[in-house]
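Hello,

Here is the structure we talked about. Please open it first, then read the notes below it.

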Amino acid sequence: MLRYTLSRLLSLGVSLAVASVVIFLAIEVLPGDPAAYMLGLNAQPDTLAALRDELGLNGTLWERYADWVGGMLRGDFGTSYTYRSSVSEMIGERLWVSLPLALYALTLSTVIAFPAGIWAAARRGKAADVTVMGVTQLGVAIPNFWFAMLMVLVFAINLRWFSAGGFPGWDKGVWLSLKALTLPAVALALPQASILARVMRSALLDTLSEDFIRTARAKGLTKGQALRRHALRNALIPVLTIIGMQFSFLMAGGIIIENVFFLPGLGRMIFQAISARDLIVVESVVMLLVFAVVLVNFMVELAYALVDPRLRARA
Amino acid sequence: MSTAVTERSLGAQMLRNRNLLIGGALTFVFAAAALISFVWVPYAVDGVDIANKIKPPSAAHPLGTDHFGRDILSMIMVGARTSIAVAIVAVGIGMLFGVPLGLWAAARKGTLLDEVIMRGNDLVFAFPSLLIAIMITAIFGPSAVNAIIAIGIFNIPVFARLTRSGALALWQRDFILAARVAGKGSARISFEHILPNVANLLIVQGTIQFSLGILAEAGLSYVGLGAQPPIPSWGRMLAESQTMISFAPHMALFPGLAILLTVLGLNLMGDGLRDIFDPKLRRGR
């Protein structure tokens, strides 16, 4: 297990290093001067020089990369040009919206998908199966931001159960904040729940055709007992992998949904930064999101190896 | 079995496959709408007709009009071009780079080259496609071309992985051994014997990536990172309708339905094709 962990850790480090180089170079290949790009066409020469100095653009490529990465390792993501405030602090505030939203959506998606997938597999070919497969087919095809708009129309504008957008802040009460995150979380969860329910169903069907299920039935278990006691646990392995992968989709999908509901999360921060040409913010937030995704994948791989000893040997 | 018989039974299978029929019909409708829009649309989409702005569906405007008085049916027809073009080119980019990489990795299985290609794929997967798109737009500015590149880059590892795993299984087969004994090099074997045998897999995955591309394009243009005005696009129509949704819900309803039905059609078509190409999986999932 130790050898496996170390090899995954090495690959985690390499992924992050390469990702940081790619992001850094992507910003570097900008035709011309990032400072000039940020200030626009009418920049005064002395403002430009001051900004170049502030951004540390006068060093060599290698010095600037080392500055950026070294800063991030110490938790210093630089200073936003437009907001004149520390990017780390801005990220800290916004993370309290984006992360709960992603976790809320992940919970919803799991809570919906598990029963639906199990139900469909248990009643394969029956009406329940056809219904679940039909609904999930729609759930995969629906653009989630459009679904979000329709929910705003129905639940916020017509029924007035929820507000159409905005976020009160956790200090105004957990209940109010969770309520503000509910429609966005449902919108995010719908396609993910559909995918997960389908994976759950097909993983269960695969397991149900295994010999050990036939043995379980032969010793007198009912179909439902065999499913609950033997099939479910084995089917969980692919399902857990998908849940881990969905986290990255939720972080990225959150970027658009945050814009639908005007939530002050990382996604809106990226868009505001793009329109304000605040490249330091874009660079750092993208790196942070990639870090989160790579880290979650790493943890999923470890969890996977804990569950399935064969994988450890393969490393 | 003669070729004629095989083809007839394939055609009969296609006609009996409900997913393929419904999916194919939906896809055909939207592809036809996009093509027809080049020669004819009910109303011009670049004109402003303030007298007729925000009209609900009527006989003259079956899907109503938007805040500039433009006919929504015409906008959807022209918008279909953008969606389809972006998604097709993005799938093309994915296949053009991904398939040769996958073939190459499979032919050199277990070598450093294989490892580098596969780890590179993992790395691209670590960037959610939307983040790639945001980076590219932040750097080069928003446009349909940049949206295509962003979606296309994400398609490369999808096709590379699929091609590699399909090709690895084929390399174990006797007919490949025969080709090697006959003195063919690995590049020639890859293109002459492996590629035709993974083509089915690629077509099915291509359909799925096509539908994902349409969703991604809609999402990008919704947040203003895709096609720019005056090019009509479904995502931007939704973005523009958002502030008016309380009194003009038809403006939000129809472009969204267009996206939903196109994506649904492509997914159903992909499922149907998979059933036909891979009978082992039928009914299974």
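Start with A:V286: leaving aside neighbours within four places in sequence, A:V286 is in contact with A:I23, B:L131, B:I134 and B:M135. Two residues are in contact if their C-beta atoms, placed from the backbone, lie within 7 Å.

Before the rest, some housekeeping. This is a predicted model, in which local features need pLDDT of at least 70 and side-chain atom pairs count only at pLDDT 80 or more, while totals for chains, interfaces and linings use all residues. Residues are numbered from 1 along each chain as its sequence is written, and chains are lettered from A and ligands numbered from 1 in the order in which they are written.

The core. A:V286 is among the residues with the most contacts inside the largest nonpolar core, together with A:A148, A:I270 and B:L131. This core has 157 residues, and its largest share, 19 residues, comes from helix 3 (residues 72-107) of chain B. A nonpolar core is a set of buried Ala, Val, Leu, Ile, Met, Phe, Trp, Tyr and Cys residues joined through C-beta atoms within 7 Å. A residue is buried if 20 or more other C-beta atoms lie within 10 Å of its own, exposed if 12 or fewer, and partly exposed in between; the C-beta atoms are placed from the backbone.

Chain A. There are 13 helices and zero strands in chain A. Helices (H or I, at least four residues) and strands (E, at least two) are DSSP runs, numbered from the N terminus. Of the 315 residues in chain A, 36% are buried.

The interface. Chain B puts 31 residues in contact with 38 residues of chain A. Helix 10 of chain B gives the most to the side of chain B that touches chain A, with eight residues. By class, that side has 22 nonpolar, seven polar and two charged residues. Here Ala, Val, Leu, Ile, Met, Phe, Trp, Tyr, Cys and Pro count as nonpolar, Asp, Glu, Lys and Arg as charged, and the others, Gly among them, as polar.

A helix pair. Helix 9 (residues 234-241) of chain B packs against helix 10 of chain B at an angle of about 155 degrees, with their axes 9 Å apart. The two are therefore roughly antiparallel (under 35 degrees is roughly parallel, over 145 roughly antiparallel, 65 to 115 roughly perpendicular, the rest oblique). Axes are lines fitted to C-alpha atoms, for helices over the stretch in contact, and angles run from 0 to 180 degrees between N-to-C directions.

Regards
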